[in-house]
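Here are my notes on this model, as numbered points. Please read them with the structure open.

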Amino acid sequence: MDARQNMDKCELKNNIRRLRFEKGEMTQQQLADIAGVTRQTIIAMEQGKYAPSLPLAFRIARAFGVPLESVFQYEPVHPSQ
Amino acid sequence: MNRQQKIAWFQLAVIAMAAIASAAISEIYVYKDGLNFSKAWWFGTVWPVILGIILMTSAPLLFRKKKGQVDFDERDLTIDRWAARISYGMSYAFLFIICMAIGTTSGFDRLIPTYWLARIALGGFIIMIAAQALTILLCYGRQAKHG
């Protein structure tokens, strides 16, 4: 299996929901206002249905005051998933 | 439901109402005034189409942005671009298929009446708007069900 095939079998995961609650139960609207996006986009990201751009990913990480890797992980997909 | 979804629903509603109004007015011209179908259709579609185009192009003014709130971001832009690509693709496919169908049935060296050109252009326009609105609604429906 070459490097390209390995890359294709990864997916973007995030901890936005957990981080919101750890950050004083921040609402989706509050996070959306800080990141400069709509609440629908935060919902779509939490559900794993939208992969944000790199600038937006950095803005979200900055809103939580954590590094990018703490919010987003690019992990391999297991065959059972 | 966000502003883009409201505009999309509005455009679909305008198309549906314009189609119903065109059909009703054309029927009146045929049965009351005794016009043949081509002329009745031509006169019957003029006002609903003009009104429909005015309403559809003024949709962004009817559904105004809320002040101080982000209502369009990178995800909306992505969906908007998808909808634009699909709608242009669909309308050009329609125009190509219609031209080929006319050429195949009537002969490629024949001329067609000018009112057919207006019908074909109108069909392409309606398909473009409808495809754009449907793509927007489908993309939002699939990507964020709790918005």
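1. Start with the lining of the largest pocket: by class it has three nonpolar, six polar and seven charged residues. Here Ala, Val, Leu, Ile, Met, Phe, Trp, Tyr, Cys and Pro count as nonpolar, Asp, Glu, Lys and Arg as charged, and the others, Gly among them, as polar. A pocket is an open set of points on a 1 Å grid over the protein atoms alone, where a 1.4 Å probe fits, with protein on both sides within 12 Å along at least five of seven lines; lining residues have an atom within 4 Å of a point.

2. This is a predicted model: local features need pLDDT of at least 70, side-chain atom pairs count only at pLDDT 80 or more, and totals for chains, interfaces and linings use all residues. Residues are numbered from 1 along each chain as its sequence is written, chains are lettered from A and ligands numbered from 1 in the order in which they are written, and side-chain values use heavy atoms, with hydrogens and water left out.

3. The largest pocket has a volume of about 360 Å³. A volume is the space filled by probe spheres set on the grid points, which are joined across faces, edges and corners. Its lining comprises 16 residues, with B:Met1, B:Asn2, B:Arg3, B:Lys66 and B:Asp71 nearest the centre. Helix 4 (39-46) of chain A and helix 1 (3-31) of chain B are the elements that give two or more residues to this lining. Helices are DSSP runs (H or I, at least four residues), numbered from the N terminus.

4. The second largest pocket holds about 250 Å³. It is lined by 17 residues, and B:Ala19, B:Ser22, B:Val49, B:Leu122 and B:Ile126 are closest to its centre. Helix 1, helix 2 (37-57) and helix 5 (114-143) of chain B each give two or more residues. What is the make-up of this lining by class? It has 13 nonpolar, four polar and no charged residues.

5. B:Trp47 sits in helix 2 of chain B. It counts as exposed because its relative accessibility is 63% (buried is under 20% relative accessible area, exposed over 50%, partly exposed in between; 1.4 Å probe, protein chains only). Its C-alpha atom is separated by 8.1 Å from that of B:Ser22, 25 residues apart along the chain.

6. On confidence, the model scores ipTM 0.78 and pTM 0.80.
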